[in-house]
2 protein chains.
Amino acid sequence: MKPEILLSRIRIVLCRPSHPGNIGAAARAMKTMGLSRLSLVNPKQFPDAEADARATGAVDLLQQAEIHATLQDALADTIFVIGLSARQRDLGPEIGEPRPMVARLLAAAAEGEVALVFGNETVGLSNDELQQCHAAVSIPTNPDFSSLNLGSAVQVLSYELRMAAFLESPPVSDTVVTPFVSPSATHNEVEGFYAHLEAVMTAAGFYNPAQPGRLMPKLRRLFGRIRLERDEVNILRGILAATQQPTGHGTRNS
Amino acid sequence: MKPEILLSRIRIVLCRPSHPGNIGAAARAMKTMGLSRLSLVNPKQFPDAEADARATGAVDLLQQAEIHATLQDALADTIFVIGLSARQRDLGPEIGEPRPMVARLLAAAAEGEVALVFGNETVGLSNDELQQCHAAVSIPTNPDFSSLNLGSAVQVLSYELRMAAFLESPPVSDTVVTPFVSPSATHNEVEGFYAHLEAVMTAAGFYNPAQPGRLMPKLRRLFGRIRLERDEVNILRGILAATQQPTGHGTRNS
């Protein structure tokens, strides 16, 4: 797919930006790198003369910018979303450096609409916002002064997107180490989950072991794409167990 | 040699900057990436309140900035110099992309003082100035809009310098291509699954929306790692729907 088309499928989403100047700087940064689609979630002040001034020749991106009330609206038709975050959050998505993450975003753009999401200048993305992202990207900075300007963050990642999109042989990722918060489940634990799932589906009439078809392979492929953690297997089996109780009395609420 | 020491040997030189705001933005960009030495050649207006405002926490770099009347003075003790240029000049030094040029600058920094030189916002480096450089670097941009802001150019190259200085071993890549058999689910489709899952868990007594705890974030983190396909969302929702039917009559067996 042509690099220009890949870049045209990437929207830059700014969540709750406080300073209109940064919106303009982001638009200019995007346009210099061949990105064109800007979405704003609940901007404090927009449109604004300061935004236009900082955008210089990229005012067209501001005029075409979409404005949404929530991040969910801004992401409605996307298939893959990466959010900027300075650090790994407790229950947030996997975080990685710009190059592997940009490679993932471009790979997804070959299939559909994708987004790169930036938080508010002061507080960044909220945990709720970051949980709407499939992955997170962190720009390496000086640990003693990590105060990257919002427009500069957009510039750096837009630049990385252009570099990767126009690279003849794209760097296929990932050297990202997933920060597991719980130990990985063992093979046996995962098999126990599949057996439990199969029993529940059978009892519910959704699955007939005598005519298995491709249902279990599809589910194995689904869960097999991630390395389930032990805690996650326990949650999934807890849900399954709760649906098996006719009285509807579950046991867990973590 | 330690990356911090390499970076401490790199000076950023701004030739005849017109806008003090850009000087401040350059200082902030440098400091976020661990660079500390700013030299100004014949700035139009400096010191200046606008420079301080845009520098935010990097005012120390402005206070320590060296001011010179000519580029030659600013480069006096350097052993290697790269200048920013949008194009190959007739008699100018060899021009290259950021990554190979940044690698050369760092290699030279292991031996002594080096400089990265930026021209005036409107006209760039003069031919005379560029001829004082050993090499030139061009930041790839959109051919229809190559108007990179001066602060942004400093940001991009400072970022590349940090990335290269701290890279212990070059990025290892493994070519994992996920064989997608169905289109990716959209953001809205995945949200629909979460809502359905939440309803089933609530009915089963496994989840209490009044005391949500960390259950939904954990489940979002789990499924967020997968990048669900549309077909998979349909399967998962089919299972959920089947468990909701008290008689246990499901609808699907694929």
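In this predicted model, Glu113(A) is partly exposed, with a relative accessible area of 21%. Its salt-bridge partner is Arg37(A), with N and O 2.7 Å apart. Glu113(A) sits in the loop between helix 6 (98–109) and strand 6 (114–118) of chain A, while Arg37(A) belongs to strand 2 (residues 37–41), so the pair links distant parts of the chain, 76 residues apart. Arg37(A) is also partly exposed, at 26% relative accessible area.

Arg230(A) counts as partly exposed at 32% relative accessibility, and Glu189(A) counts as partly exposed at 26%.

In chain B, the side chains of Asp60(B) and Lys31(B) form a salt bridge of 3.1 Å, N to O. Asp60(B) is in helix 4 (residues 59–63) and Lys31(B) in helix 2 of chain B, 29 residues apart. Asp60(B) is partly exposed, with a relative accessible area of 26%, whereas Lys31(B) has 17% and is therefore buried, the limit being under 20%. Salt bridges that share partners also make one network of Arg11(A), Arg37(A), Asp77(A) and Glu113(A). Over all chains, the count comes to 26 salt bridges.

Helix 2 of chain A (residues 20–32) can be checked for its length. At 1.5 Å a residue, its 13 residues should span 18 Å, and the end C-alpha atoms are 19 Å apart, which agrees. Since 13 of the 13 residues are buried, this helix is largely enclosed by the rest of the structure. Just after helix 2, Gly34(A) takes a positive phi of about 85°.

How many residues does each chain bring to the contact? Chain B gives 87 residues and chain A gives 92 residues. Between them the chains bury about 7500 Å², 58% of it on carbon and sulfur atoms. Eight salt bridges cross between chain B and chain A. One of the salt bridges pairs Asp231(B) with Lys218(A), their closest N and O atoms being 3.3 Å apart. On the side of chain B that touches chain A, helix 10 of chain B supplies the largest share, nine residues.

Note on methods
Residues numbered from 1 in each chain as written. Chains lettered and ligands numbered in written order. Predicted model: local features only at pLDDT ≥ 70, side-chain atom pairs only at ≥ 80, totals over all residues. Heavy atoms only, no water. Helix = DSSP H or I, 4+ residues; strand = E, 2+ residues; numbered from the N terminus. Expected span 1.5 Å × (residues − 1). Buried < 20%, exposed > 50% of the residue type's maximum accessible area, 1.4 Å probe, protein only. Contact = heavy atoms within 4.5 Å. Buried area = accessible area lost by both parts, 1.4 Å probe. Salt bridge = Lys/Arg side-chain N within 4 Å of Asp/Glu carboxyl O.
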